[in-house]
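Subject: Handover of a structure

Dear colleague,

Please find below the structure that I am passing on to you.

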Amino acid sequence: MRRRILIALAAGSIFGIGLVVSDMVNPARVQAFLDPFGAWDPTLAFVMGGAMIPMLIAWALTSNRSPLFGCGFPAMRTEIDGKLVSGGAMFGAGWGLAGFCPGPALAALSFGGGGLFLFVAAMLAGIGAFRLTVGARAPA
Amino acid sequence: MNLNIADWMMGLGGGLLIGLASALYLLGNGRIARISGLLGGALGQGPNRFLGERFAFFVGLIGAPFVWISLTHVPAITVATSPAILILAGLLVGFGTQMGSGCTSGHGVCGLSRFSPRSAAAVAVFMAVGVLTVTLGRHVIGGL
């Protein structure tokens, strides 16, 4: 249990530093990626590409093995339904409007200024609103 | 277009760190580093036995950048959006990631690297709507 918590702490820390190093904490850079008809900035594609490399290796290593401190790997969900598409569309709209997705918004919380707190508070409220409405009727 | 190769290389390096962190969490704990899902879980959804490690993940995610910028420099970030837009965006991101079961980390990094068709569909949708939103907001309606 303690080892799992240490792994989570290390993973969260490396993840957060990666978001700062790649400048994904900067919403202007994220919005510039989503703006192919403006001054397009392809940096986000390099971030995704870079993140793929360790993860491709990691998924390959999961076959016929168990996690170091756990009992199994999560099964892959396959259903492509209305919730996936409408949820993805809502997320995409919010992501474009602010230039923040959940990880960078939290990673930038300590230095990003007051607007970040507003965004994160609204994001938590959005999670709560889902829980009380659609999420209350069926598991996510 | 931003042709600054140094920016691209910092993106690649930072991306490698993000992938490394996700790989560590997967191979160590057998869990997917999906920020929106972990956040939903830390707020009380899902099995309680994972609450401690979810909390620890967020301590690292929020705390490590603060230590990092103290040792290096504070990145010059631009939050250009108005408070009303930030609130609307936050609500959409919070609600949408729970309904769609994932964001850029879960569906993007972890799902695509697993060749999940479900995650590929989600990424296609949120990328397309993200581009549409910025394009409308900057070049058609204006104000963004």
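Axes here are lines fitted to C-alpha atoms, for helices over the stretch in contact, and angles run from 0 to 180 degrees between N-to-C directions. Helices (H or I, at least four residues) and strands (E, at least two) are DSSP runs, numbered from the N terminus. This is a predicted model, in which local features need pLDDT of at least 70 and side-chain atom pairs count only at pLDDT 80 or more, while totals for chains, interfaces and linings use all residues. Residues are numbered from 1 along each chain as its sequence is written, and chains are lettered from A and ligands numbered from 1 in the order in which they are written.

The two chains

Chain A has seven helices and zero strands, and its C-alpha atoms fill a box of roughly 45 × 40 × 30 Å along the principal axes. Chain B has six helices and zero strands; the box for its C-alpha atoms, also taken along the principal axes, is roughly 50 × 40 × 30 Å. A residue is termed buried if 20 or more other C-beta atoms lie within 10 Å of its own, exposed if 12 or fewer, and partly exposed in between, with C-beta atoms placed from the backbone. By this criterion, 54% of the 140 residues of chain A are buried, and buried residues make up 56% of the 144 residues in chain B.

The contact between the chains

Two residues are in contact if their C-beta atoms, placed from the backbone, lie within 7 Å. The contact between the chains takes 110 residues from chain A and 99 residues from chain B. On the side of chain A that touches chain B, α1(A) gives the most, with 17 residues. That side has 75 nonpolar, 27 polar and eight charged residues. In this classification, Ala, Val, Leu, Ile, Met, Phe, Trp, Tyr, Cys and Pro count as nonpolar, Asp, Glu, Lys and Arg as charged, and the others, Gly among them, as polar.

A:A8 lies in helix α1 of chain A and is buried, because 28 other C-beta atoms are found within 10 Å. Apart from neighbours within four places in sequence, A:A8 is in contact with B:Y25, B:N29, B:E53, B:A56 and B:F57.

Helix α5 of chain B

Eight of the nine residues of α5(B), residues 104-112, are buried. These buried residues pack against α3 (43-61) and α5 (102-107) of chain A, and against α1 (5-29), α2 (35-42) and α6 (117-140) of chain B. The axes of α3(A) and α5(B) come within 8 Å and cross at roughly 50 degrees. The two helices are therefore oblique to each other, given that angles under 35 degrees count as roughly parallel, over 145 as roughly antiparallel, 65 to 115 as roughly perpendicular and the rest as oblique. A:M48, A:A51, A:M52 and A:M55 of α3(A) make this contact with B:G108, B:V109, B:C110 and B:L112 of α5(B). By class, the residues involved are seven nonpolar, one polar and no charged.

The largest nonpolar core

A nonpolar core is a set of buried Ala, Val, Leu, Ile, Met, Phe, Trp, Tyr and Cys residues joined through C-beta atoms within 7 Å. The largest one has 87 residues, of which A:A11, A:F119, B:A21 and B:L24 touch the most other members. α1(B) gives the most to this core, with twelve residues. Not counting residues up to four places away in sequence, B:L24 touches A:I7, A:A10, A:A11 and A:I14.
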